[in-house]
Amino acid sequence: MSTISFYNSSTISSLFSSLNGTNSNSGFNGIFSGIDLNTYNSIRSGGYAKLMRAYYAKQEDSVEDTDADNTVKPEASQKVNAVSVRDSAASLVDSAKDFQKASMWSRKTTTDSEGKTVTDYDTDAIYKAVSGFVDDYNALVSGTGKSGDTAVLRSAANMVSYTRQNTDLLKDIGVSIGIDNKLKIDEDTFKKADMTTVKSLFKGQGSFGMSVSSRAASIYSSAVSQLAKQATTNTYTSAGTYNYISASAYDKYL
């Protein structure tokens, strides 16, 4: 029995040339009417099917995160939460970095209405920085409280526990901890506090501010991992092999 040992677009064209003749079966000819060889090869190789699946997947993107009753699916809600936690953690880390700047603690000379000259810390600027830290801390506590990820919750519990261990030191500068684990800063008390104490709490390795930052960084990593795990859903290929997530896949969540 003879076989075709080599073929190209020319040989394939010859093979199917009879399909376009007037003597070919009209039903079979109708099937291939208007389809060129490139399209045929795409159908034969499965490329066309992949293209169609990709197209319809995009059409479903807008509704895939909701159930039939238009409520948000739990997994979609957790994805939104993980993004929020990641961003809040990043903001808290950035807030802690502000205290490491020398300019934050440089003493400034001012003259009051009576002509008295005083050289001291810029209390207003320091209060603004600590207030921002408090806001970012509270946003992170709020976000992690809604998380369903064990690693995120563990890291958040560690941060909250550490903060409570410093209750008395924080109280000295007008910062209190509520039953909801969130911080509250009293401006009058803070501005009357010794700024040297505030500096020791927020500046330098081992300080309260940097220790909280370290724990926030851990929460950030946990949130990124959570997002990456969610992205690995349905990663089995048509051949039955599993696509393990790579470092580059994590990068898009950073």
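Asp149 and Lys229 form a salt bridge (a side-chain nitrogen of Lys or Arg within 4 Å of a carboxyl oxygen of Asp or Glu), with an N to O distance of 3.5 Å. Asp149 sits in the loop between α6 and α7 (150–165), and Lys229 in helix α11 (residues 208–231), so the contact ties together parts 80 residues apart in sequence. Helices (H or I, at least four residues) and strands (E, at least two) are DSSP runs, numbered from the N terminus. Asp149 is buried, at 10% relative accessibility. Lys229 is exposed, at 51%. Buried means under 20% relative accessible area, exposed over 50%, and partly exposed in between (1.4 Å probe, protein chains only).

The model is predicted: local features need pLDDT of at least 70, side-chain atom pairs count only at pLDDT 80 or more, and totals for chains, interfaces and linings use all residues. Residues are numbered from 1 along each chain as its sequence is written, and side-chain values use heavy atoms, with hydrogens and water left out.

Seven salt bridges are counted. Asp122 pairs with Lys108, the closest N and O atoms being 3.3 Å apart. Asp122 lies in the loop between β2 and α6 (123–144) and Lys108 in strand β1, so this bridge ties together parts 14 residues apart in sequence. Asp122 is partly exposed, at 23%. Lys108 is also partly exposed, at 43%.

Asp120 bridges to Arg107, with the closest N and O atoms 3.7 Å apart. Asp120 belongs to strand β2 (residues 117–120), while Arg107 is in the loop between α5 (74–98) and β1 (108–111), 13 residues apart. Relative accessible area is 36% for Asp120, which is partly exposed. Arg107 is partly exposed at 47%.

Asp124, Glu187 and Lys191 are joined in a salt-bridge network.
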